[in-house]
Structure formats: structure tokens, C-alpha cells
Amino acid sequence: MDYSQFFNTALNRLHDERRYRVFADLERIAGRFPHATWHSPRGSRNVVIWCSNDYLGMGQHPKVVGAMVETATRVGTGAGGTRNIAGTHHPLVQLEAELADLHGKEASLLFTSGYVSNQTGISTLAKLIPNCLILSDALNHNSMIEGVRQAGCERQIFRHNDVAHLEELLIAAGPDRPKLIVCESLYSMDGDVAPLGKICDLAEQYGAMTYLDEVHAVGMYGPRGGGIAERDGVMHRIDIVEGTLAKAFGCLGGYIAGRAEVIDAVRSYAPGFIFTTALPPAICSAATAAIRHLKTSNWERERHQDRAARTKAILTAAGLPVMSSDTHIVPLFVGDPEKCKRASDLLLEDHGIYIQPINYPTVAKGTERLRITPSPYHDDGLIDALAEALLQVWDRLGLPLHQKSLAAE
């Protein structure tokens with residue numbers, strides 16, 4: 001039997017649907033972000049990155065790089081195995097304490113990625129709650145969807161950010177049934193924010209636990225970078241907070257934080273934690289340095305918001321179809337998968353601007369877009385050059401200007 005035919009068929013299907021993904025070979029240069037070297041098929045070229053999730057450029061911050069180098073030099077590279085076998089190295093203990101403090105919780109638990117922390121955290125929590133009903137926002141991230149699915153318990157989907165629909169489902173579940181509300185604070189494709197205060201009101205009224213994904217908000221919002229929950233003053237009302245170290249903190253890893261018994265139960269039962277090697281000491285030290293810095297420094301957050309606002313203003317003034325967003329996410333509507341990919345290619349090849357296309361299944365068909373994420377280091381000149389390049393690409397592809405925002409429909 002020719003097994004390769006199955007894989008070739010699957011790949012051809014992606015090509016036919018214009019969903020086949022191509023990755024650019026990029027080499028970031030510490031101290032020059034957002035500039036990077038693109039190792040293109042025709043040789044190396046300088047490009048400007050406009051879609052990184054290293055939102056604040058902390059991946060190149062001297063304190064973060066220094067902490068990583070010092071720790072690797074002092075204790076070596078790997079963690080030595082799972083925490084159950086190799087023990088917990090001290091930089092990891094320090095990082096978990098820092099994360100618990102960031103969110104005002106009793107304890108936290110570190111995972112190898114934000115995806116794993118959601119997938120494993122949600123499924124383990126729900127399995128430990130008899131007859132649990134999971135109420136999940138319709139636009140939750142794939143990692144959350146997988147966590148809900150793997151829990152194996154009943155689940156219901158409430159319309160995105162629709163607290164009236166959520167309340168209907170809570171009432172129908174009855175007062176005695178255990179319930180877990182699962183949502184994000186900031187949705188990364190549209191840049192909109194959940195009504196956390198109202199969700200907490202409903203959770204308290206109808207006896208539900210809350211699980212909040214803050215991956216696109218930690219480090220970015222709140223006086224200490226605790227996220228939208230900290231900014232909105234509801235952190236103490238959230239039962240479990242999930243976050244990542246790979247975005248605003250510029251490192252790698254995911255985590256959950258909450259009451260000590262909840263975190264201990266996940267630690268004791270979660271396969272995605274028990275059976276995987278711990279993050280290396282150098283990564284943990286770097287993340288701790290990033291968190292500590294952003295707890296006391298507001299320059300990065302304030303500059304970042306300023307850059308995002310200016311980018312939106314310049315692109316909107318140019319007539320480009322900027323989708324409505326109150327956060328740092330700048331989505332640019334395209335609405336066609338082939339043209340979205342072609343726009344991305346032209347920006348990179350002709351203008352030295354790297355922005356990945358966002359197509360199905362990341363977003364719904366017909367809502368394809370370019371997702372732009374300014375950083376504190378995108379200056380006025382780079383923003384103006386982006387607008388000019390986009391106008392040229394829009395004209396070449398025959399894309400419409402002044403597209404009505406999807407959020408307004």
C-alpha cells in the first residue's frame with residue numbers, strides 16, 4: 001500500500017482550498033526589532049515585521065536576554081526531565097511565585113505552552129467536577145475548544161460576548177449543577193474585549209466557576225500588566241486565569257493561576273503536565289525578568305498603545321479597510337483567501353514588509369484579513385511606509401478602499 005498518497009491527497013486539498021501555509025525564513029536581530037533578515041529564495045533581505053506576538057519587544061530586552069544567558073551559564077540548558085522525575089528547578093519555582101503574584105492568586109502552574117495550558121487545564125478541571133457543564137464563548141481559541149472537547153462532559157456554546165445568551169444557558173442548567181464558564185479577555189483576531197464584569201456577575205448569581213484566557217492581554221493591560229481582568233478591577237472575581245509567556249513577555253510557556261487547591265489538583269491529575277519535560281531554567285529566568293520589569297514599567301504599555309492608535313489612524317485616513325478594534329490589534333479586512341495570501345506575498349517581496357495572511361480556519365470564510373500588530377518600536381516612518389505599501393498592494397489587487405467595518409454590521 002502506498003501510504004504517501006493519503007498525505008499527498010490531504011496536502012492537495014489544502015492547496016485547492018488556498019489554505020496551504022508557507023513559512024518565511026526570518027532571523028530576528030536583537031536590538032533592531034522590528035527589523036529582521038528574511039532568508040528568501042533569492043538571498044538575504046532586510047524586512048520589517050508587522051505581525052509578531054512579541055507585542056512589547058521583550059524578547060530582545062537586555063534584562064530578559066541577560067537573565068537567560070546568566071542562568072544558562074550558571075546551571076546549564078535543559079530541565080532534566082519531568083518535574084515528577086527530575087524535581088523542580090529553582091528558577092521555575094521563582095517564576096510560578098511571580099505569576100501567582102501577578103494575578104493576585106494563591107498559586108500558579110507552568111506548562112510548556114499556552115496551548116497546552118488551555119488544552120490540559122480546561123479538560124482536567126472539568127473532569128474533576130462531577131456532572132460539569134462547560135459554557136464556552138463561540139470565538140474561543142482552538143486550544144480552549146480542544147480542552148473543552150477533551151473534557152468529555154456536556155458543553156454549550158454561547159454567542160460571542162453575549163451575556164444575555166449566557167444567562168439563558170445558566171438558568172436552563174439549574175442552580176445545583178456545577179458550571180464552568182470559559183472565555184477569553186481579548187480576542188486576538190478582532191481585537192475586541194469580553195464584558196468581564198457582567199460575566200462575573202452572572203457566575204456569582206448562578207453559581208458558576210470562571211476560567212479566563214488572558215494570553216493576548218497579560219503584560220499589556222492593567223497597572224502591573226496583569227491583563228484585562230486587572231485593568232477592569234475583576235481579577236479577584238475570576239477563579240482561574242490562564243496566560244502565556246510567549247507574547248508580551250517575549251519568552252515561551254503557558255500557565256494557570258488560581259486557588260491553591262485548584263492548582264494542586266491540576267498538578268496532580270493533568271497528563272499534559274505530568275508526562276512532559278519542564279521548561280528549561282534559562283527560559284524561566286528570562287520570563288521572570290520580563291514579568292518583574294513590566295510590573296513596574298509602564299513605558300512599554302503606553303508607547304505600545306500610542307503606536308497602535310497611530311497605525312489605525314494613518315491606515316484609516318488612507319482609506320484602507322481597518323476593522324474596528326479598541327485594543328492593540330489592527331485587523332485589515334480583505335475578505336478573499338487568495339487575495340489575502342497574494343497581498344501578504346507582495347508586501348514581503350516588493351516592500352520588505354512581513355504580515356502573515358489570516359485565512360480559514362483561523363477566521364471564518366469571507367472574513368480573511370491581514371492582522372497587524374504594532375510594537376513600541378514601530379516609529380512614524382515605518383507606519384507611513386506601511387500605509388504607502390498597503391495602498392500600492394490594494395491598487396494592484398483591485399481591493400476596495402473604505403470597506404465597511406465588520407464590527408459595525
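The term pLDDT denotes the predictor's confidence in each residue, on a scale from 0 to 100. Colleagues, the model before us is a predicted one: local features need pLDDT of at least 70, side-chain atom pairs count only at pLDDT 80 or more, and totals for chains, interfaces and linings use all residues. Residues are numbered from 1 along each chain as its sequence is written, and side-chain values use heavy atoms, with hydrogens and water left out.

The protein chain has an average pLDDT of 95, and 98% of the residues score at least 70. Over residues 403–409, however, the pLDDT is below 50. Where pLDDT is low, the predicted coordinates should not be read in detail.

Let me turn to helix α6, residues 142–151; helices are DSSP runs of H or I with at least four residues, and strands are runs of E with at least two, numbered from the N terminus. Buried residues (under 20% relative accessible area; exposed is over 50%, partly exposed in between, with a 1.4 Å probe and protein chains only) include S143, M144 and E146 in α6. Among the elements covering the buried residues of α6 are α5 (114–127) and β5 (133–137). Just after α6, G152 adopts a positive phi of about 75 degrees.

Next, S188 lies in the loop between β7 (179–184) and α8 (196–206). Is S188 buried or exposed? S188 is buried, because its relative accessible area is 11%. Its side chain makes a polar contact with the side chain of H216, at 3.3 Å; such a contact is a pair of N or O atoms within 3.5 Å, where, within protein, one must be able to donate a hydrogen and the other to accept it, and residues adjacent in sequence count only if both atoms are side-chain atoms.

Finally, F6 is located in helix α1, residues 4–16, and is partly exposed, because its relative accessibility is 46%.

Key: Contact = heavy atoms within 4.5 Å.
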